[in-house]
Amino acid sequence: MRVEVFTLSALRLMLLLLPPPRLICIARWFSFRTGLSLAFSPPRRLRFSSMSSSAPDDGAAASAKKGRLRGLVFDMDGTLTVPAIDFGAMYRAVLGEEGYAALRSPSATGGGVDILHHIESWPTAEKQRAYETIAHFERQGLDRLQIMPGALELCKFLDSREIRRGLITRNVKASVDIFHQRFGMEFVPALSREFRPYKPDPAPLLHICSVWDIPPGEVMMIGDSLRDDVACGKRAGAFTCLLDETGRYDSLVSYADDLKPDFKVSSLSQVLLLLENHFELMPRLQTA
């Protein structure tokens, strides 16, 4: 996509000459075409130009305002793959109706049930039965596994720019292996729930940054969960992007700061525009 750049003075003149109804139409058109929004005020690492500030004098000045990015880390279920697991049914099967109702409470901190952490304290036999139930639902999900629209195109773009891509999931390693084999794409490293501690702890993301030898401030975590993916990225000090296909998180105002993503998109295709507009992509260092 080619993005036309106008000087600020020309833009102001154009807007002043247009009647209010036409301005509203333009605003709606722009929102539809981009589909991209900052979830809240711009992240602390970036200095985006506002309508009241002067336009950059040249390309070098514009580039200086962009964040540096060397790697992207993705969630799997609901991000790289179309949601295929009935989590509500799975939680009820593990916790029972009363247990599920007691734990599931909407709140400004992300809400929901972190079932993996919850069953950690259970007696061994009960915990084993819970894991078997979870694995059963995960296997059913694998039968319906589909790649998320835009995932292949995004990965090809990252490969063409020599940007690293990794994966962190709370699913099992067998699911990750099937994902790699079925869709012919590989994420390195790819950490499953066998890696402890798992999301939202920042440990898996920090581990990937260590393997890549890249600081977290030059990595972005992309996922569909505030509680798991965004929290993991924020705690590690990385950029964060929330994928919200269905508009589940219509407003993020009520959420705690550590759950507010730097960016919010409604499709993986929009990540390409995000990268183009807000980041300087830094290819991996070549080794001798």
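1. Let's start with helix 8. The buried residues of this helix are covered by, among others, helix 6 (124-143), helix 7, strand 4 and strand 5. Keep in mind while you look around that this is a predicted model.

2. Which residues of helix 8 are the buried ones? They are S175, V176, F179, H180 and F183. Around the axis they cover an arc of only 140°, so they sit on the same side of helix 8.

3. Next, have a look at the prolines. Most peptide bonds are trans, but the one from V188 to P189 is cis, with omega near -10°. You'll find P189 in the loop that runs between helix 8 (173-183) and strand 5 (190-191).

4. There is another cis bond to check, from K199 to P200, and here omega is near 10°. P200 belongs to the loop between strand 5 and helix 9 (203-212).

5. Now for some backbone angles. Most residues other than glycine have a negative phi. E162 is not a glycine, yet its phi is positive, about 55°. Its place is the loop between helix 7 (151-160) and strand 4 (164-168). Is E162 buried, partly exposed or exposed? With a relative accessible area of 33%, E162 is partly exposed.

6. D213 is another one to look at: not a glycine either, and with a positive phi of about 60°. This residue lies in the loop between helix 9 and strand 6 (219-223). The relative accessibility of D213 is 70%, and because that is over the 50% cut-off, D213 counts as exposed.

7. Are C209 and C232 buried or exposed? C209 is buried, with a relative accessible area of 3%. C232 counts as buried too, at 0% relative accessibility.

Notes: Residues numbered from 1 in each chain as written. Predicted model: local features only at pLDDT ≥ 70, side-chain atom pairs only at ≥ 80, totals over all residues. Heavy atoms only, no water. Helix = DSSP H or I, 4+ residues; strand = E, 2+ residues; numbered from the N terminus. Buried < 20%, exposed > 50% of the residue type's maximum accessible area, 1.4 Å probe, protein only. Arc of directions from axis to C-beta. Contact = heavy atoms within 4.5 Å.
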